[in-house]
Amino acid sequence: MAIEPGQVNLFVPPDWFDLLANGPDREATRVRCEEIVRRTYPETPPDRRKDFVDGLMACHERYLADGALMYGVITAPLPSTGKQAVWQVQAGVVAVPDVPEEVDLGELMSRVFDAQFKQQVAYCERFTTDMGLGFGFLSQPDVPVPEDWEDEVPADLRTGLAGALACPFEGGRGLLVVGTCLNPEQVRELAALVAVIAGNSTFAPAASPDSE
């Protein structure tokens, strides 16, 4: 199903760090990444910080190539607990069936999740968005541990995963926002942020031919 070109008004916090904000400009992106890593990990040796930046740049290339609209990174203490949050949030436009009200998109998302992660979604909810419809889910899936990491991380490693899909009542296209957190116990706070972004973002009206 083809998606018509357009624009999205993304609703994000004012201090949001979007890895894709500079588009394909690698130099500008690396400067921003170096600054955010330096501020986040001021006591970390420079060579280790460079590894972090290289990792962010690899993510930049991957998500840019995949057509993602946004790749946000959060590294800050949570106001509720004071524990460090390490979250990543991605957003992109996806095709949605026409008249999605007649399709159980929540069930569809659950099936896709189950096929991808071999694990059931823990929770799925339908809600209202500024676009019209919204469907959200959260879970704490297992993370496969490479053999050479087995001595450094627990075998039962899990992550927090939350997603939300917002779309117009007539369907056609939707905004899919997905977030991951290293601490699975923070998945509810992450889900709240994901739902706020998806729920308050909108598609910009198509430009009229008469306006050109």
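**Close-up views of a predicted model**

**View 1. Strand S2 at the second largest pocket.** S2 contributes 5 residues to the lining of the second largest pocket, the most of any element. The model shown here is predicted.

**View 2. Centre and lining of the second largest pocket.** This pocket has a volume of about 390 Å³. Its lining is made of 17 residues, and those nearest the centre are Asp 15, Val 73, Ile 74, Thr 75 and Ala 76. Sorted by class, the lining holds 13 nonpolar, 2 polar and 2 charged residues.

**View 3. Packing of helices H1 and H2.** Helix H1 covers residues 26-40 and helix H2 covers residues 46-65; they pack at an angle of about 135 degrees, and their axes lie 9 Å apart. Angles over 145 degrees count as roughly antiparallel and 65 to 115 as roughly perpendicular, so H1 and H2 are oblique to each other. Their crossing is right-handed.

**View 4. Residues in the contact of H1 with H2.** From H1, the contact involves Arg 26, Thr 29, Arg 30, Cys 33, Glu 34, Ile 36, Val 37 and Arg 38. H2 brings Arg 49, Lys 50, Phe 52, Val 53, Asp 54, Leu 56, Met 57, His 60 and Glu 61.

Definitions and conventions:
Residues are numbered from 1 along each chain as its sequence is written. This is a predicted model: local features need pLDDT of at least 70, side-chain atom pairs count only at pLDDT 80 or more; totals for chains, interfaces and linings use all residues. Side-chain values use heavy atoms; hydrogens and water are left out. Axes are lines fitted to C-alpha atoms, for helices over the stretch in contact, and angles run from 0 to 180 degrees between N-to-C directions. Helices (H or I, at least four residues) and strands (E, at least two) are DSSP runs, numbered from the N terminus. Angles under 35 degrees count as roughly parallel, over 145 as roughly antiparallel, 65 to 115 as roughly perpendicular and the rest as oblique. A crossing is left-handed if the near helix is turned anticlockwise from the far one by less than a right angle, and right-handed if clockwise. Contact means heavy atoms within 4.5 Å. On a 1 Å grid over the protein atoms alone, a cavity is a set of points where a 1.4 Å probe fits but cannot get out, and a pocket is an open set with protein on both sides within 12 Å along at least five of seven lines; lining residues have an atom within 4 Å of a point. Grid points are joined across faces, edges and corners, and a volume is the space filled by probe spheres set on the points. Ala, Val, Leu, Ile, Met, Phe, Trp, Tyr, Cys and Pro count as nonpolar, Asp, Glu, Lys and Arg as charged, and the others, Gly among them, as polar.
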